[in-house]
Amino acid sequence: MAALGWPSAGADAAATGLDDPVKKDIAMRLVSSAENSSLDWKAQYAYIEDIGDGRGYTAGIIGFCSGTSDMLALVELYTERHPGNVLAGYLPALRTVNGSDSHEGLDPGFPDAWRKAAKTSGFCEAQCDERDRGYFDPAVARAKKDGVGTLGQFVYYDAMVMHGPGADAVSFGGIRERARGHADTPAEGGDETTYLNAFLDARVWAMKQEEAHSDVSRVETAQRVFLDAGNLDLDPPLRWKVYGDSYEIG
């Protein structure tokens, strides 16, 4: 299934901005460079490991986590569509470990079951749909309401993937409010570049509150590079670095 890229269940052929299919694929590759050190995001359906960040298992195309409820939501969606799948039996354990870094009830078989599920089109499609429902669609919608273009929509999406959509200081909502304390959004009459710099500053602050996220290169040597170049439409060619590795989309 690694060669397949599943569209959102509600994909809009007339989409503009980051939800244009070409730009969305760029967004997925940018995130994959940071999450998986690879531009091949479609190869990440089967990825699973505990990266030691206190969130339990991290897995799949955006890093669904056993400790942060999105992995549970994904497996529930998959099981609703495909009862009796190889991950269904782990639902009680996923509910138990949610909110912690525990592997209780998941080891030793869960990683192998995840990789087996990732060979099916149904699980790959469920990963894309849950990514869109929980992260991509809300981030793009909020960004459009705030009046930011394609780059800003990606900036919102990447922040929501890493920090979650919550309202506390180190989640997406808190980051956005911190940014708005320093600059108006374009929808409020502010300058887009000034506002996005404020958002990236707020994002860097949030990342530095947690040791696991203290390397801010995915902001400073990637998103800030595009912003400083005035590439508000996130048009190729794009060149950036994450964690010291160089990437390019021509």
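Entry 1: I began with a definition: a cavity is a set of grid points where a 1.4 Å probe fits but cannot get out. I also noted that a volume is the space filled by probe spheres set on the points. The model I am looking at is predicted. How much space lies in the largest cavity? I read off about 60 Å³. With a limit of 30 Å³ or more, the count is one cavity.

L30, V31, S33 and A34 line the largest cavity, and so do F154 and D158. I sorted the lining by class and got eight nonpolar, two polar and two charged residues.

**Entry 2: the open space.** I moved on to the largest pocket, which holds about 580 Å³ of space. Its lining has 31 residues. Which of them lie nearest the centre of the pocket? I wrote down D53, R55, V161, M162 and H213. Both α1 and α6 supply at least two residues of the pocket lining. The largest share comes from α6, with four residues. By class I noted 14 nonpolar, 11 polar and six charged residues in this lining.

**Entry 3: α1 against α6.** These two helices kept turning up, and I checked how they pack. The axes of α1 and α6 are 11 Å apart, and the angle is about 40°. That angle makes α1 oblique to α6. Is the crossing left-handed or right-handed? I found the crossing of α1 and α6 to be right-handed.

I then listed who touches whom. From α1, the contact uses K23, A27, M28, L30, V31 and E35. From α6, it uses T150, F154, Y157, D158 and V161. I counted classes here too: seven nonpolar, one polar and three charged.

**Entry 4: α6 against α7.** I followed α6 to another partner, helix α7 (residues 172-180). The axes of α6 and α7 come within 9 Å and cross at roughly 135°. That makes α6 oblique to α7. Which residues make the contact? On α6 I found Y156, A159, M160 and H163. On α7 I found F172, I175 and R176. The classes here are five nonpolar, one polar and one charged.

Entry 5: Then I looked for exceptions. D107 and P108 are joined by a cis peptide bond, with omega about 5°. Where does P108 lie? It is in the loop between α3 (91-97) and α4 (110-117).

I found another cis bond from P236 to P237, where omega is near 0°. P237 sits in the loop between α9 and β4.

Last, I checked S69. Phi of S69 is positive, near 80°, and S69 is not a glycine. I placed S69 in the loop between β3 (64-65) and α2 (70-81).

How values were computed
Residues are numbered from 1 along each chain as its sequence is written. This is a predicted model: local features need pLDDT of at least 70, side-chain atom pairs count only at pLDDT 80 or more; totals for chains, interfaces and linings use all residues. Side-chain values use heavy atoms; hydrogens and water are left out. On a 1 Å grid over the protein atoms alone, a cavity is a set of points where a 1.4 Å probe fits but cannot get out, and a pocket is an open set with protein on both sides within 12 Å along at least five of seven lines; lining residues have an atom within 4 Å of a point. Ala, Val, Leu, Ile, Met, Phe, Trp, Tyr, Cys and Pro count as nonpolar, Asp, Glu, Lys and Arg as charged, and the others, Gly among them, as polar. Axes are lines fitted to C-alpha atoms, for helices over the stretch in contact, and angles run from 0 to 180 degrees between N-to-C directions. Angles under 35 degrees count as roughly parallel, over 145 as roughly antiparallel, 65 to 115 as roughly perpendicular and the rest as oblique. A crossing is left-handed if the near helix is turned anticlockwise from the far one by less than a right angle, and right-handed if clockwise. Contact means heavy atoms within 4.5 Å.
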